[in-house]
Amino acid sequence: MPQEDVLRITTAILIGWIAIIVIWERVAPYRKGLSLFREGFWVDLVWYTLIQSYVLKILIFDYIIAPLQTRFDWSDWQFVRDWPIWVQVLFFLFTHDLYIYLFHRWQHANPWLWRTHEAHHSNKEVDFLAGSRSHVLEIIINQTIEFAPILLLGADPAVVPIKALLDAMFGMFIHANIRVNLGPLKYIINTPNLHLWHHANYREVFHANFSTKFSFFDYLFGTVYDPGHAPGDKPENWGLYYDFPKDYFLQHAFSVRRFDERALLRYRWFSRYYYLRPNLLRWLSRRKSNSQPSQERVDTYPAD
Ligand SMILES: [Zn+2]
Ligand SMILES: [Zn+2]
């Protein structure tokens with residue numbers, strides 16, 4: 001099948017899956033009352049899902065993997081070339097998931113690596129889109145290790161979009177705010193129940209439920225936490241136990257050097273930048289409601 005057709009089909013499936021998950025979250029919510037436009041929605045959608053993904057896709061494929069492909073001769077290594085395509089997909093799903101399990105576990109144990117992962121845990125309201133929030137460095141490391149072997153070991157070109165589709169579908173599923181019971185399949189396939197606990201602010205889960213697609217690894221390595229009930233509903237029951245910036249660039253700056261967001265507001269340039277988006281939103285909503293535009297600037301940051 002031509003690559004354009006594969007891309008068209010995988011994109012159509014992804015759009016359908018998003019629609020299913022959004023409806024599912026409304027019909028059978030894990031936490032009741034969570035709105036679609038929850039806190040951090042726009043940061044996750046605009047910065048992480050659209051802009052960051054687009055830029056990093058170019059960086060990873062064109063500037064890291066492509067030079068590796070052309071600089072070295074990989075023909076002796078291309079042992080997956082003659083396998084059926086579904087075996088190739090399963091092989092890369094399984095091996096990458098094992099890698100992700102181990103690296104994810106290391107990120108929780110190592111204070112420096114934690115800085116590349118804490119952003120992923122910073123949402124207090126977790127839904128299908130919250131999984132997109134990942135530090136730039138975390139994506140560069142994980143996606144290079146994910147896609148470089150697929151291309152270098154001679155897999156069918158369709159494996160890349162199929163694997164990317166499965167990543168997106170699983171990512172949305174395990175973060176989705178849905179109540180779902182997979183029965184005994186929960187020992188193999190990861191579930192929102194297990195991964196939502198991973199996003200909860202309880203000491204018991206600081207080093208548990210690391211799996212992405214196959215919960216099997218958590219059961220195998222003894223790191224599963226499944227108490228049979230949901231975490232509490234209060235903001236302090238979710239996300240990080242310390243303050244974390246709400247802005248995309250500040251979230252990355254915070255991973256390099258700790259700072260107090262509020263203390264930086266004494267600098268005029270920072271204050272201007274910090275309140276740019278709330279001021280813009282306020283201005284737009286005033287224009288929309290046809291009220292008198294005002295020069296007054298806000299000094300509060302909206303929830304989102
Ligand atoms: Zn984690
Ligand atoms: Zn997650």
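Let's start with Leu220: at 52% relative accessibility, this residue counts as exposed. For the cut-offs, exposed is over 50% relative accessible area, buried is under 20%, and partly exposed lies in between, with a 1.4 Å probe and protein chains only. Leu220 sits in helix H8, residues 216–221. Helices here are DSSP runs of H or I with at least four residues, strands are runs of E with at least two, and both are numbered from the N terminus. Between Leu220 and Tyr187 there are 9.5 Å from C-alpha to C-alpha, although they are 33 residues apart in sequence.

A word on the model, friends. It is predicted, so to speak, with rules attached: local features need pLDDT of at least 70, side-chain atom pairs count only at pLDDT 80 or more, and totals for chains, interfaces and linings use all residues. Residues are numbered from 1 along each chain as its sequence is written, chains are lettered from A and ligands numbered from 1 in the order in which they are written, and side-chain values use heavy atoms, with hydrogens and water left out.

Now, the metal. Which residues are the protein donors of the zinc ion (ligand 1)? They are His104, His108, His117, His121 and His198, each through NE2, lying 2.1 to 2.2 Å from the ion. Donors means N, O and S atoms within 2.8 Å of the metal (3.2 Å for Na, K and Ca); water is not among the atoms, so sites may look incomplete. Along the sequence, the spacing of these donors reads H-x3-H-x8-H-x3-H-x76-H. A zinc ion, ligand 2, is 5.9 Å from ligand 1.

On to the loop between H7 and H8, where we find Asn209. Its phi is near 55°, a positive value in a residue other than glycine. Most residues other than glycine have a negative phi. Asn209 is buried, with a relative accessible area of 2%.

Last, the spans from the record. The unreviewed UniProt entry annotates residues 6–24, 45–65 and 85–103 as "transmembrane region"; such annotations may be inferred rather than shown by experiment, and positions follow the numbering used here, with feature names shortened. Residues 45–65 are 100% helix and 0% strand, with end C-alpha atoms 26 Å apart. Residues 85–103 are also 100% helix and 0% strand, and there the ends are 27 Å apart.
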